[in-house]
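Today I am going through a structure and jotting down what I look up.

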Amino acid sequence: MGDGSSRQDKNVQSTDHVEISTQSLCALAGVTPATLSAWQRRGLIAKNGRNRWPMKATVQALVKHYRETAEARTEADGGLDLKAEKARLAREQADGLQLKNDELRRKLLPAEEVDTAWKAFCGLARFRLQQATASAVAKITGLSDPQAIRQLLEEEIHAALADLSGTPRAEAGEDVRHD
(Lines give C-alpha, C1' and ligand atoms only; values in the text may rest on other atoms or scores of the structure.)
Protein backbone atom coordinates (compact mmCIF):
# COMPACT_ATOMS: atom_id res chain seq x y z
CA MET A 1 0.00 0.00 0.00
CA GLY A 2 2.87 2.39 0.85
CA ASP A 3 4.43 2.01 -2.63
CA GLY A 4 1.28 2.89 -4.55
CA SER A 5 0.35 5.92 -2.49
CA SER A 6 3.86 7.37 -2.40
CA ARG A 7 4.24 6.88 -6.16
CA GLN A 8 0.89 8.63 -6.66
CA ASP A 9 1.96 11.51 -4.37
CA LYS A 10 5.20 11.90 -6.38
CA ASN A 11 3.19 12.03 -9.63
CA VAL A 12 0.86 14.72 -8.23
CA GLN A 13 3.79 16.72 -6.89
CA SER A 14 5.62 16.42 -10.19
CA THR A 15 2.74 18.19 -11.98
CA ASP A 16 2.98 21.26 -9.74
CA HIS A 17 5.32 23.02 -12.15
CA VAL A 18 4.08 21.58 -15.46
CA GLU A 19 2.86 24.17 -17.93
CA ILE A 20 0.35 23.71 -20.73
CA SER A 21 -0.11 25.77 -23.89
CA THR A 22 -3.25 27.77 -24.63
CA GLN A 23 -4.07 25.44 -27.53
CA SER A 24 -3.68 22.31 -25.38
CA LEU A 25 -5.68 23.84 -22.50
CA CYS A 26 -8.47 24.78 -24.90
CA ALA A 27 -8.57 21.22 -26.21
CA LEU A 28 -8.52 19.81 -22.67
CA ALA A 29 -11.27 22.12 -21.35
CA GLY A 30 -13.34 22.15 -24.54
CA VAL A 31 -13.35 25.94 -24.81
CA THR A 32 -11.98 28.65 -27.10
CA PRO A 33 -8.98 30.90 -26.41
CA ALA A 34 -11.46 33.79 -25.99
CA THR A 35 -13.14 31.88 -23.15
CA LEU A 36 -9.78 31.33 -21.45
CA SER A 37 -9.05 35.06 -21.74
CA ALA A 38 -12.47 35.91 -20.27
CA TRP A 39 -11.87 33.52 -17.36
CA GLN A 40 -8.45 35.08 -16.81
CA ARG A 41 -9.99 38.60 -16.72
CA ARG A 42 -12.54 37.35 -14.16
CA GLY A 43 -9.74 35.92 -12.04
CA LEU A 44 -10.75 32.26 -12.40
CA ILE A 45 -7.39 31.24 -13.87
CA ALA A 46 -3.95 32.84 -14.24
CA LYS A 47 -1.23 32.56 -16.88
CA ASN A 48 2.44 31.88 -16.16
CA GLY A 49 3.49 33.80 -19.21
CA ARG A 50 2.69 34.23 -22.85
CA ASN A 51 0.71 31.17 -24.05
CA ARG A 52 1.64 29.21 -20.88
CA TRP A 53 -0.70 28.07 -18.12
CA PRO A 54 0.14 26.22 -14.89
CA MET A 55 -1.54 22.89 -15.58
CA LYS A 56 -2.42 21.73 -12.06
CA ALA A 57 -3.67 25.10 -10.77
CA THR A 58 -5.63 25.78 -13.96
CA VAL A 59 -7.30 22.36 -14.06
CA GLN A 60 -8.21 22.62 -10.37
CA ALA A 61 -9.63 26.12 -10.89
CA LEU A 62 -11.69 24.98 -13.89
CA VAL A 63 -13.03 21.93 -12.06
CA LYS A 64 -13.99 24.16 -9.13
CA HIS A 65 -15.66 26.63 -11.52
CA TYR A 66 -17.62 23.90 -13.34
CA ARG A 67 -18.69 22.33 -10.05
CA GLU A 68 -19.90 25.67 -8.64
CA THR A 69 -21.72 26.45 -11.89
CA ALA A 70 -23.47 23.08 -11.79
CA GLU A 71 -24.43 23.52 -8.13
CA ALA A 72 -25.80 27.00 -8.85
CA ARG A 73 -27.93 25.64 -11.68
CA THR A 74 -29.25 22.87 -9.45
CA GLU A 75 -30.14 25.37 -6.71
CA ALA A 76 -31.73 27.75 -9.23
CA ASP A 77 -33.84 24.87 -10.54
CA GLY A 78 -35.10 24.18 -7.03
CA GLY A 79 -32.66 21.34 -6.46
CA LEU A 80 -33.88 19.34 -9.44
CA ASP A 81 -32.31 15.96 -9.97
CA LEU A 82 -31.73 15.21 -13.66
CA LYS A 83 -32.39 11.48 -13.25
CA ALA A 84 -35.61 12.12 -11.32
CA GLU A 85 -36.73 14.71 -13.86
CA LYS A 86 -36.11 12.29 -16.74
CA ALA A 87 -38.15 9.65 -14.92
CA ARG A 88 -40.95 12.18 -14.30
CA LEU A 89 -40.90 13.17 -17.97
CA ALA A 90 -41.08 9.51 -19.02
CA ARG A 91 -44.11 8.99 -16.72
CA GLU A 92 -45.83 12.09 -18.11
CA GLN A 93 -45.20 10.94 -21.68
CA ALA A 94 -46.54 7.48 -20.85
CA ASP A 95 -49.63 9.01 -19.22
CA GLY A 96 -50.19 11.19 -22.28
CA LEU A 97 -49.88 8.20 -24.57
CA GLN A 98 -52.29 6.24 -22.36
CA LEU A 99 -54.85 9.06 -22.61
CA LYS A 100 -54.53 9.15 -26.41
CA ASN A 101 -54.93 5.36 -26.60
CA ASP A 102 -57.96 5.43 -24.30
CA GLU A 103 -59.50 8.16 -26.43
CA LEU A 104 -58.87 6.17 -29.63
CA ARG A 105 -60.39 3.08 -28.02
CA ARG A 106 -63.41 5.18 -27.02
CA LYS A 107 -62.78 4.55 -23.31
CA LEU A 108 -63.04 8.29 -22.66
CA LEU A 109 -65.93 10.60 -23.33
CA PRO A 110 -65.57 14.20 -24.44
CA ALA A 111 -66.10 16.60 -21.53
CA GLU A 112 -68.92 18.37 -23.38
CA GLU A 113 -70.89 15.12 -23.67
CA VAL A 114 -70.38 14.33 -19.99
CA ASP A 115 -71.43 17.86 -19.01
CA THR A 116 -74.57 17.66 -21.15
CA ALA A 117 -75.52 14.23 -19.80
CA TRP A 118 -74.89 15.32 -16.20
CA LYS A 119 -77.09 18.41 -16.60
CA ALA A 120 -79.85 16.30 -18.15
CA PHE A 121 -79.64 13.80 -15.30
CA CYS A 122 -79.77 16.57 -12.67
CA GLY A 123 -82.83 18.02 -14.37
CA LEU A 124 -84.50 14.62 -14.44
CA ALA A 125 -83.61 14.03 -10.76
CA ARG A 126 -85.09 17.40 -9.80
CA PHE A 127 -88.28 16.66 -11.72
CA ARG A 128 -88.63 13.14 -10.27
CA LEU A 129 -88.04 14.33 -6.68
CA GLN A 130 -90.62 17.09 -7.13
CA GLN A 131 -93.07 14.43 -8.30
CA ALA A 132 -92.25 12.34 -5.22
CA THR A 133 -92.88 15.35 -2.99
CA ALA A 134 -96.25 16.05 -4.60
CA SER A 135 -97.25 12.40 -4.34
CA ALA A 136 -96.16 12.19 -0.69
CA VAL A 137 -98.05 15.34 0.26
CA ALA A 138 -101.25 13.93 -1.19
CA LYS A 139 -100.80 10.63 0.68
CA ILE A 140 -99.66 12.15 4.00
CA THR A 141 -102.77 14.25 4.40
CA GLY A 142 -104.74 12.76 7.28
CA LEU A 143 -101.85 10.69 8.66
CA SER A 144 -100.74 11.46 12.22
CA ASP A 145 -98.49 8.49 13.03
CA PRO A 146 -94.82 9.59 12.61
CA GLN A 147 -93.76 6.03 11.68
CA ALA A 148 -96.37 5.84 8.94
CA ILE A 149 -95.35 9.27 7.61
CA ARG A 150 -91.66 8.27 7.65
CA GLN A 151 -92.38 5.00 5.85
CA LEU A 152 -94.46 6.78 3.19
CA LEU A 153 -91.71 9.37 2.61
CA GLU A 154 -89.05 6.66 2.36
CA GLU A 155 -91.15 4.73 -0.16
CA GLU A 156 -91.60 7.82 -2.32
CA ILE A 157 -87.90 8.70 -2.17
CA HIS A 158 -86.85 5.12 -2.95
CA ALA A 159 -89.28 4.97 -5.84
CA ALA A 160 -87.82 8.19 -7.27
CA LEU A 161 -84.24 6.95 -6.79
CA ALA A 162 -85.11 3.58 -8.35
CA ASP A 163 -86.59 5.35 -11.38
CA LEU A 164 -83.44 7.48 -11.71
CA SER A 165 -81.01 4.58 -11.35
CA GLY A 166 -82.96 2.08 -13.40
CA THR A 167 -83.02 -0.28 -10.39
CA PRO A 168 -86.24 -2.19 -9.57
CA ARG A 169 -88.08 -0.67 -6.59
CA ALA A 170 -87.65 -3.72 -4.37
CA GLU A 171 -83.83 -3.58 -4.68
CA ALA A 172 -83.64 0.21 -4.23
CA GLY A 173 -85.28 0.18 -0.80
CA GLU A 174 -83.74 -2.96 0.68
CA ASP A 175 -80.78 -1.24 2.35
CA VAL A 176 -82.89 1.16 4.42
CA ARG A 177 -83.51 0.49 8.12
CA HIS A 178 -86.64 1.61 9.94
CA ASP A 179 -85.58 2.66 13.43
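I pair rings of Phe, Tyr and Trp (its six-membered ring) if their centres lie within 6.5 Å, and I call planes under 30 degrees apart stacked, over 60 edge-to-face and the rest tilted. By this rule I get 2 aromatic pairs. One of them is Trp 39 with Tyr 66, edge-to-face at 6.0 Å centre to centre and 80° between the planes. Trp 39 sits in helix α3 (residues 33-41) and Tyr 66 in helix α4 (residues 55-76), so this pair ties together parts 27 residues apart in sequence. My helices are DSSP runs of H or I, at least four residues, numbered from the N terminus.

A note on the source: I am working with a predicted model, where local features need pLDDT of at least 70, side-chain atom pairs count only at pLDDT 80 or more, and totals for chains, interfaces and linings use all residues. Residues are numbered from 1 along each chain as its sequence is written, and side-chain values use heavy atoms, with hydrogens and water left out.

Next I looked up exposure. I take buried as under 20% relative accessible area, exposed as over 50%, and partly exposed as in between (1.4 Å probe, protein chains only). Trp 39 is buried at 7%, whereas Tyr 66 is partly exposed at 38%. Val 59, which is in helix α4, is partly exposed at 32%.

Last, the cysteines. How many disulfides does a search of the whole structure find? I find 0, counting a pair of cysteine sulfur atoms within 2.5 Å. Cys 26 is buried at 8%, and Cys 122 is partly exposed at 32%.

Notes: Helices (H or I, at least four residues) and strands (E, at least two) are DSSP runs, numbered from the N terminus.
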